[in-house]
Amino acid sequence: MFPQLYRRTLPLLLANPLLIAAISLDVYDQSSIKSAAQIIAKDLIAYYKGDGAGVGLFADEYNWYEVGGVWSGMIDYWAYTGDDQYNDLVQQALAGQRGPNNDYMVPNQTKSEGNDDQGFWALAAMNAAEKGLPTASGSPTWLDLAKNVFDLQVARWDTKTCNGGLRWQIFKFESGYDYKNSISNGAFFQLAARLASFTGNQTYSDWAKKSYDWTKSIGLITNDFDVYDGVMTANGCKSPTRLQWSYVSACFTYGSAVMYNHTSDSSWRDRTNSFLNATQLFFKNKNSQGVMTEVACESHDTCTTDMYAFKGYAAQWLGAIPPVAPYASDFLSPLLRSSAQAAAKQCSGGKNKTACGFQWTASKYDGKTGLGQELSALNVVLANLAVKSTGPANATSSSTRTTSAGSRGQGGSSANTTGSASAAPQPSGSGSTGLGNLMAGNAVLWGVLAAAWYLL
């Protein structure tokens with residue numbers, strides 16, 4: 001009887017999502033976080049087919065800027081886990097896509113390259129400089145690549161329309177040239193802020209302030225610190241497109257936190273706090289904890305391929321805030337923990353049962369797997385290591401490495417981490433830490449396993 005019952009019930013037990021969590025994640029245990037990140041990173045890199053699509057490129061369906069975001073995420077993977085097995089690929093990609101003038105103006109991308117695309121690669125290079133990734137052989141330093149992009153975008157600052165700002169697209173023949181969008185200007189703002197912090201050069205700080213002030217003055221940053229998508233130049237940059245994206249908000253939030261850390265100016269602290277408060281829009285309440293969601297498209301199932309990566313950029317930048325603004329940890333850490341737990345539960349698809357889905361608020365794998373979904377899951381898991389890291393280096397404390405030690409996230413940062421003058425807003429609906437839910441889930445799991453074992 002028992003063997004027959006076992007044979008009948010075991011398939012039902014194994015089909016239970018409680019038993020097929022695929023990627024096990026204890027967000028309170030660094031070893032567990034690193035193990036989960038390792039699995040996701042492996043699945044992500046499986047999308048890379050070597051030089052078949054071009055050095056550092058993925059399949060054509062993945063936009064160039066998204067690819068830059070992927071390699072930036074892989075820099076974080078190395079820095080926070082110490083696993084350097086993919087560093088050669090990262091170095092080859094960042095160097096291989098730098099273009100003939102070392103400014104990420106790549107000939108095979110000019111038909112569609114926008115300021116935001118170029119900005120994403122510059123931020124990846126900036127991340128490499130801050131984390132101390134060894135420079136690729138024959139390439140300028142990562143810092144020089146980031147500086148070159150900054151200089152080029154300063155030259156594109158357009159005062160002829162709307163008193164400033166960067167256009168979305170670079171060339172007049174590109175659709176979107178008549179649009180000034182928040183992510184192009186946000187990436188420039190964040191790049192300027194990080195260059196200011198890294199180099200101490202006042203010019204970068206001045207441009208960070210100038211670009212922020214313009215974005216606010218034109219109405220892309222509201223009085224409530226919501227960030228709208230963009231404005232058309234044809235109508236004088238009036239009536240912003242009111243779409244809101246998680247990564248755009250996070251881009252300005254992190255840039256503001258970097259500026260607060262760099263300047264100790266309370267106005268940047270206040271902006272950081274206001275952005276953090278507005279960020280709650282992107283965390284849907286679930287079991288008394290927020291889980292990140294892409295509000296503009298996720299609930300309507302209208303997200304396109306590139307949008308699947310938006311939560312990944314957001315998680316990366318939000319996770320980087322506590323190292324430069326430690327007081328924000330109490331606000332952000334619970335949100336990033338609950339989001340990572342939810343994301344890990346979505347990583348149960350594919351042949352290996354570890355492919356990551358997109359809708360983290362769903363109770364089971366949603367069947368939507370791709371490069372962006374893997375990046376989003378990886379970054380939100382890594383964010384739980386980032387919040388406890390030492391923060392970015394600067395030019396005086398960082399030296400060009402000849403080995404990949406992955407120690408930037410372990411200690412030795414020169415970032416000012418003493419700024420705790422103002423508490424961050426408390427997330428609405430934040431309740432238990434999730435430890436009780438984790439233990440309860442494990443109790444159910446072991447209870448079911450014990451019952452199955454007994455039936456043997």
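**Cavities, a pocket and the core**

I'll start with the second largest cavity: its lining is made up of D76, Y80, A315, Q316, N379, L382, A383 and A386. A cavity here is a set of points, on a 1 Å grid over the protein atoms alone, where a 1.4 Å probe fits but cannot get out, and lining residues have an atom within 4 Å of a point. This is a predicted model, with local features needing pLDDT of at least 70 and side-chain atom pairs pLDDT 80 or more, while totals for chains, interfaces and linings use all residues. Residues are numbered from 1 along each chain as its sequence is written, and side-chain values use heavy atoms, without hydrogens and water.

The volume of that second largest cavity is about 40 Å³, a volume being the space filled by probe spheres set on the grid points, which are joined across faces, edges and corners. Helix α14 (371-386) provides four of the lining residues, the largest share. Helices are DSSP runs of H or I, at least four residues, numbered from the N terminus.

The whole-structure search gives two cavities of 30 Å³ or more.

Next, the second largest pocket, with about 320 Å³ of space. A pocket is an open set with protein on both sides within 12 Å along at least five of seven lines. Of its 18 lining residues, Y62, N63, W64, Q109 and S112 are closest to the centre. Helix α3 (64-81) supplies three, the largest share.

Now the core. The largest nonpolar core has 134 residues, and W71, M74, L94, W142 and Y247 have the most contacts inside it. Such a core joins buried Ala, Val, Leu, Ile, Met, Phe, Trp, Tyr and Cys residues through side-chain atoms within 4.5 Å. Helix α3 gives the most, 11 residues.

Last, T253, in helix α9 (residues 246-263). Why does T253 count as buried? Because its relative accessibility is 0%, and buried means under 20% relative accessible area with a 1.4 Å probe, protein chains only. Beyond neighbours within four places in sequence, T253 is in contact (heavy atoms within 4.5 Å) with T272, F275, L276, T279 and I321. In α10, T272, F275, L276 and T279 are among the buried residues.

Note on methods
Buried means under 20% relative accessible area, exposed over 50%, partly exposed in between (1.4 Å probe, protein chains only). Helices (H or I, at least four residues) and strands (E, at least two) are DSSP runs, numbered from the N terminus.
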